[in-house]
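Trainee: Could you walk me through reading side-chain packing in a model like this one?

Mentor: Gladly; let's look at it together.

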Amino acid sequence: MRRDFRRVAVLGAGTMGSGIAAHLAGAGVSVLLLDIVPPKFTDDDATKGLTPEDPRFRNKFALHGIETIKKSKPALIYSKRFLPLIEIGNFEDDWDKLADCDWIIEVVVERMDIKQKVFARVDETRRPDAIVSSNTSGLSIEDMTEGRSDSFKQHFLVTHFFNPVRYMRLLELVRGENTLPEVIDAIADFGTFRLGKGIVYGKDTPNFVGNRIGVYGIAATIRAMMEMDYQVDEVDAITGPAMGRPKSASFGTVDLVGLDVLAHVINTLRDGCPNDEEHDLFEIPAFLQKMIENGQLGRKAKAGFYKRQKDAKGKKITLVYDWKTGEYRPKVRPDFPSLKRAKGTSDIRERVKAVVFADDRAGAIAWRISRDTLAYTSNRFGEIADSLVDIDNALKWGFNWELGPFEMWDALGVKKVVDKMKAEGVTPAAWVDEMLAAGNTSFYRDGVSGKEVYDPASKTYVKVPRPETFMVLKEIKKDGKAVIFENRSASLVDLGDGIACIEFHSALQPKLNPVDDQIIEVMQKGVEIGERDFRGLVIHHQGEQFSAGANLLMILDAATTHQWKAIDEMVRVFQGMTMSLHRARIPVITAPFGYTFGGGCEITMGGDRVCAYAESYIGLVEAGVGLIPAGGGCRFLLERVLDGVDKPVLSNLPFIQKAFENIAMAKVATSAEEARDLKYLRPFDHVEPNRDQQLWTAKRMAIAMAEEGYTPPLPKTFNLPGKEGVATIKTMLLNMKVTHWISSYDEKVATHIANVLCGGDTTINDPVDEQTILDLEREAFLSLCGEPKTQDRIKYMLVNNKPLRN
């Protein structure tokens, strides 16, 4: 059900409330952010010149929420341009404004008595059709709505966002006994398509879905660590990426969340699930309780399971908590053969199998944790959710697992795991045995019309539900005729309706998709075939990162062996590829997401329009390795910063300086909207909140441009300041070097950038064509490739994955 939420109120401006408000504003929604009036007027308030009647005092908590949004790193809001959409106030002076709100979200302290008082007031003020929700992490809907009107109960639900709201995709929706279906549908639709969330439908049980399984997993990990005599750093080396979990692994994640928060959630399970078969597990271990009492709460206290401090030589080192002694010691990287093998395995399913079934110390605890978690999860079907998909998605979207529990079980082999469980006295849910007895060997399978999942209630497979707008390239490619052209790193795929898609799938680096000669080959073929057989082209894929740029190793090899002609040809080919996108006789839509660096950014800017996923991190980062953009990046960025400056002016250097700063400082936008602020995206480019819908949106954009009657853009000329502009920038660089903001080599690289952006040997009244800019790019790139310090920077980046300042 589509419903327009024009104005949303957020009650509570703490960590979660400010995060929700920021995300709503980033989606273009008007937000009313309220909190209580401070209970006491302090001497500090008086010193600041405030009075008890001053709005700055009365709105202090809401103002603090806004300051949190402004200062937060990583950013809570897509761009500070959206901050004016948030109006602040307090529960006393601004409560009546709730009557103008379409949705009211309660995010106050997790106490039932306080929530009930807030909802009593909301019930008196809200419009009859206004939806009310709680962000509680586990309190009962029945208790929260006790004594409320029928209308209130019909329009009430739980909307459980995960922190940080912008980055955690999970949004759990839990309906009450009286909640209208259209209310759930409206929030699910808005959450999916405006907020970009992954919706999981939970039940009104303690900690709902994600926290019920995720926190059980942490508790089971702690138990296994203690019973099997492991240490914190050993466990985290195993339960991170090797098992398809975040780099923070188990105890690093607890530090991030807070040990006190973990204890609260465990206590909620203990009190709310008296009949749980693992009830004894929901007791806080003595060492953990002691840490909490000592204030060792994690990152927010700068000490938890880990802490950072300087050693005797002043070098920062990481210390880890020894749960046996209660003391900190230097963190140790354990040497387990299975983890070494897993590191070289990109296929997550193969990686998990290699670790969980390994015959070493890592495999022993990996199996124990997996065994207990999978068995426990199987028993939660029907209690916390009615779909295996919801349970899997809750852990993927709320805890950043690469595979949900049932997906992981499939990867390990359902029967193999069950047999091994039973041999050790652990019994999964009866429905798992029933599924296997019926000849069904996996929870998921490929069906005729798409992916299917086993439904224990009906004992049949059902299609995995998803909106029609969620296009999946893997499924499209099952039709053998859909793949028009391909090699190991890229494919040209027929999307239907006269639109083709160039898909990256790098054979050597599938996570980062650096632009290699095979990707360029498909890009060239894509334009050639597209102009002949299609009416539009989309550049997109559904891997982990769009593209981390050019293949640095290939550049380094050529530079160190003095293959200057090969480098020159490589740059010419790359420029030809990006410019062919720009000059194609059909519309080209580029659809980036995630890392979109260097050459990936140049490909993005080469299209007619961009359909960027909201979480796109876009930038021309070549200066970080001592190079400059040479695939048309300077030309494309000049076009953007000078847009609207159609005639020569006395100096357009202030506009060019924007491009210079972006490139010389290797600025990376931390969202698609910030990429618009930095001019990587233009005002008419589109930002798509939900990545699953990105391909569909990009395809529609290509169709629309084709149906409007597409003509390619005309060749571009630029009026640039030439040597005068370079001289001005060099003066600025000299000052920065003298004050130690940049090194001498930074100055050298930046001077090359200035020369390209200022048009080389020209004046403001002598137009420069785009080929001149491309030639200047290429010449500067070749020159810098020959510099030992650039080669050192490239080597350092390849080895350490961070820039070298030399």
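Trainee: Which residues does Leu757 touch, not counting residues up to four places away in sequence?

Mentor: Contact means heavy atoms within 4.5 Å. By that test, Leu757 touches Cys634, Leu638, Ile656, Ala659, Phe660, Ile663 and Leu720. Keep in mind that this is a predicted model, where local features need pLDDT of at least 70, side-chain atom pairs count only at pLDDT 80 or more, and totals for chains, interfaces and linings use all residues. Residues are numbered from 1 along each chain as its sequence is written, and side-chain values use heavy atoms, leaving out hydrogens and water.

Trainee: How many residues has the largest nonpolar core?

Mentor: In soluble globular proteins, nonpolar side chains tend to be buried together. A core here is a set of buried (under 20% relative accessible area, 1.4 Å probe, protein chains only) Ala, Val, Leu, Ile, Met, Phe, Trp, Tyr and Cys residues joined through side-chain atoms within 4.5 Å. The largest has 100 residues, and Leu24, Ile86, Trp103, Tyr680 and Leu757 have the most contacts inside it. Apart from it lies another core of 92 residues, among them Val200, Phe287, Ala366 and Tyr376.

Trainee: Where do the charged ends of Arg121 and Lys416 sit?

Mentor: A charge sits over a ring if NZ of Lys or CZ of Arg is within 6 Å of the ring centre and within 35 degrees of the ring normal. The charged end of Arg121 lies over the ring of Trp95, 4.1 Å from its centre. For Lys416, the ring is that of Phe357, with the charged end 4.0 Å from its centre.

Methods:
Buried < 20%, exposed > 50% of the residue type's maximum accessible area, 1.4 Å probe, protein only.
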